[in-house]
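Hi everyone, thanks for coming. Let me put the structure up on the screen, and then we can walk through it together.

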Amino acid sequence: MTFIQDADLMSIHRMVQTVKQDKEVSLEYMKILERERMIREEGREEGREEGREEGIKEGKRDGYASGKAELIRIIRKKKEKGISSAETAGFLEMKEEEIRKIFSLLDEDPDAADLEIARKTLGFPESDKEA
């Protein structure tokens with residue numbers, strides 16, 4: 001049994017040595033390695049680009065939500081002072097329907113952060129980032 005294993009190992013070793021010395025095989029192996037490296041690099045670059053695009057999109061969304069949060073802060077103050085949705089809409093030059101929706105969200109959760117209310121009105125997903 002040991003002799004057979006040794007013979008098999010010797011046979012494999014001879015084949016490996018033959019392949020190593022064959023320049024065409026070595027060249028083909030190097031080409032394959034280079035192609036694989038290029039494919040991996042292309043994949044990395046595509047991933048980076050997708051990440052950049054998603055980051056830009058998320059940054060714009062967060063910036064828009066932050067601006068809307070400032071508007072929510074003003075609307076909250078108007079509501080707390082007892083100013084109607086119609087008057088608030090007129091003051092802010094907004095549709096009364098939108099002001100009523102915000103008033104409703106503020107009634108549902110008076111402790112909610114302005115940014116959280118802004119994200120809800122914009123239909124953005126909830127975020128663990130609070131500004």
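Let's start with Met15, which you can find in helix α1. Please keep in mind from here on that this is a predicted model. Is Met15 buried or exposed? Met15 counts as exposed, because its relative accessibility is 51% and the cut-off for exposed is over 50%. With 46% relative accessibility, Ile12 counts as partly exposed.

Take Met15 and Glu98: they are 83 residues apart in sequence, and from C-alpha to C-alpha they are 78 Å apart in space.

That brings us to the overall picture. What are the dimensions of the box that the C-alpha atoms fill? Taken along the principal axes, the box is roughly 95 × 35 × 20 Å. The radius of gyration of the chain is 33 Å, whereas a compact globule of 131 residues would have one near 14 Å. As for burial, 19% of the 131 residues count as buried.

And what is the chain built from? How many helices and how many strands does the chain have? There are five helices and zero strands, so if you read along the sequence you get α-α-α-α-α.

Next, please find helix α2, which runs over residues 23-80. Glu53 is in this helix, and Glu53 belongs to a negative surface patch with Glu42, Glu46 and Glu50. Glu53 is partly exposed, because its relative accessible area of 47% falls between the cut-offs of 20% and 50%.

How many salt bridges does the structure hold? The count is 16, and I'd like to show you a few of them.

One is between Arg37 and Glu34, with the closest N and O atoms 2.5 Å apart. Both residues lie in helix α2, three residues apart, which is about one turn of the helix. Arg37 is partly exposed at 40% relative accessibility, and Glu34 is partly exposed at 35%.

Let's move to helix α4, made of residues 96-108. What does the side chain of Arg100 meet in a salt bridge? The partner is Glu96, at 3.2 Å from N to O. Arg100 and Glu96 are four residues apart in helix α4, again about one turn of the helix. Arg100 is partly exposed, with a relative accessible area of 44%, and Glu96 is partly exposed at 33% relative accessibility. Some salt bridges also share partners, and in this way Glu41, Arg44, Glu45, Arg48, Glu49 and Arg52 are joined into one network.

Before we leave Glu96, look at where Ser85 is. Glu96 and Ser85 are 11 residues apart in sequence, and their C-alpha atoms are 6.0 Å apart in space.

My last stop is Glu93, in the loop between α3, which is residues 85-92, and α4. What is the phi of Glu93? Phi is positive there, about 55 degrees, although Glu93 is not a glycine. How accessible is Glu93, then? Glu93 counts as exposed, because its relative accessibility is 75%.

The chain has five helices and zero strands. Its radius of gyration is 33 Å. And the structure holds 16 salt bridges, among them the one between Arg37 and Glu34 and the one between Arg100 and Glu96.

Terms used: Residues numbered from 1 in each chain as written. Predicted model: local features only at pLDDT ≥ 70, side-chain atom pairs only at ≥ 80, totals over all residues. Heavy atoms only, no water. Patch = residues over 30% accessible without salt bridge, like charges linked within 9 Å, V, L, I, M, F, W, Y side chains within 5 Å. Areas by Shrake-Rupley, 256 points an atom, 1.4 Å probe, with all protein chains shown as cover. Salt bridge = Lys/Arg side-chain N within 4 Å of Asp/Glu carboxyl O. Lys, Arg positive; Asp, Glu negative; His and termini not counted. Charge placed at Lys NZ, Arg CZ, Asp CG, Glu CD. Helix = DSSP H or I, 4+ residues; strand = E, 2+ residues; numbered from the N terminus. Buried < 20%, exposed > 50% of the residue type's maximum accessible area, 1.4 Å probe, protein only. Rg over C-alpha atoms; globule rule 2.2 N^0.38 Å.
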